[in-house]
Amino acid sequence: MVRRDALALGLRAILVVLPGCSTLFDGGAYSAGGAAGAAGAAGAAGNASGGAGGSSGSGSGGGNVQLCAPASGTNVALDAKVSASSTFAGYSANRVNDGNRSTNLGGSSSWANDSQVMPQWLELDFGTERVITRVDVYTTAGWELQDYDLEVWDGAGFAPLAEVSGSTLACVTSEFSAKPTTKLRLVAWKGPNKQPNHLRVNEIEVYE
């Protein structure tokens, strides 16, 4: 595992790390009003064609989408085999490359970790060598993944590719010189301040 203090790439920010939470808040846990309603509003923006939202805080395909800038090339993540260090009940690692860019809150759109021992990771195995130049990571609007590393398999282990720190964006693009690899790993360190030990990834796009 590559330590964050050993990396020098990507975006950086000074952060205050807050204590973790024991319960993962998702669409099924919300009721109308208060903070729950506010979180649901983020999940409901544009949900007229995307399923439930509003006070429930849920919603699926179609709903809230905050896109990265258009990319050229082929998204090779769509054909990758995905695995994860742990997965919260009702969520799935397979949802991070299903082609759904929804940034809604809830398991129908995303992966979230179960174990709260940091870091947690997602791995995409392409099955053959790909020469990648860009990775777009879609997370959950209002519950953004703040800190994560991208690593690539070099034949002997995972090597650092990019580092993102302090992000509050629902989609983050990392671009780099062409990198041949058969696997990409996202190593997640911190979720939103209100739930720093819960890490949500809605979609990963990898371009060559």
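**A glutamine in a loop, and the pairs beyond**

Mentor: The side chain of Q195 makes a polar contact with the side chain of R200, at 2.7 Å. Keep in mind throughout that this is a predicted model. Q195 sits in the loop that runs between β6 (171-190) and β7 (200-201). With a relative accessibility of 0%, Q195 counts as buried, because the cut-off for that class is under 20%. Along the chain Q195 and W143 are 52 residues apart, yet their C-alpha atoms are separated by 8.0 Å. W143 has a charge over its ring as well: K194 lies over the face of W143, 4.1 Å from the ring centre.

Now the setting. The chain has 1 helix and 8 strands, and from the N terminus the order is α-β-β-β-β-β-β-β-β. Of its 208 residues, 50% are buried. Taking contacts between residues at least 6 apart in sequence, 77% join residues at least 24 apart. The chain exposes about 8,800 Å², and carbon and sulfur atoms supply 53% of that area.

Next, the charged pairs. Side chains of opposite charge can pair when their charged atoms come close. The cut-off here is a side-chain nitrogen of Lys or Arg within 4 Å of a carboxyl oxygen of Asp or Glu, and by this rule the count is 4 salt bridges. One of them joins the side chains of E205 and R101, at 2.6 Å from N to O. E205 belongs to strand β8 (residues 203-207) and R101 to the loop between β1 (81-84) and β2 (111-112), so this pair ties together parts that are 104 residues apart in sequence. The two partners fall into separate burial classes: E205 is buried at 3% relative accessible area, whereas R101 is partly exposed at 32%.

Another salt bridge links the side chains of R130 and E208, with 3.3 Å from N to O. R130 is in strand β3 (residues 120-138), while E208 is in the segment after β8, so parts that are 78 residues apart in sequence are tied together by this pair. Here R130 counts as partly exposed, at 22% relative accessibility, and E208 is partly exposed too, at 33%.

A further salt bridge is formed by the side chains of D136 and R134, at 2.9 Å from N to O. D136 is buried, with a relative accessible area of 1%, and R134 counts as buried at 9%.

That leaves the rings. A pair of aromatic rings is described by the distance of the centres and the angle of the planes. The structure holds 2 aromatic pairs. F88 and Y91 make an edge-to-face pair, 6.1 Å centre to centre with 80° between the planes. Y91 is buried, at 7% relative accessible area. W153 and F158 are likewise edge-to-face, 5.2 Å centre to centre with 70° between the planes. W153 is partly exposed, with a relative accessible area of 27%. W153 also has a charge over its ring, as K183 lies over the face of W153 at 4.9 Å from the ring centre.

How values were computed:
Residues numbered from 1 in each chain as written. Heavy atoms only, no water. Helix = DSSP H or I, 4+ residues; strand = E, 2+ residues; numbered from the N terminus. Buried < 20%, exposed > 50% of the residue type's maximum accessible area, 1.4 Å probe, protein only. Contact = heavy atoms within 4.5 Å. Areas by Shrake-Rupley, 256 points an atom, 1.4 Å probe, with all protein chains shown as cover. Polar contact = N/O pair within 3.5 Å; in protein donor to acceptor, adjacent residues only side chain to side chain. Phe/Tyr/Trp six-rings, centres within 6.5 Å; stacked < 30°, edge-to-face > 60°. Lys NZ or Arg CZ within 6 Å of the ring centre and 35° of its normal.
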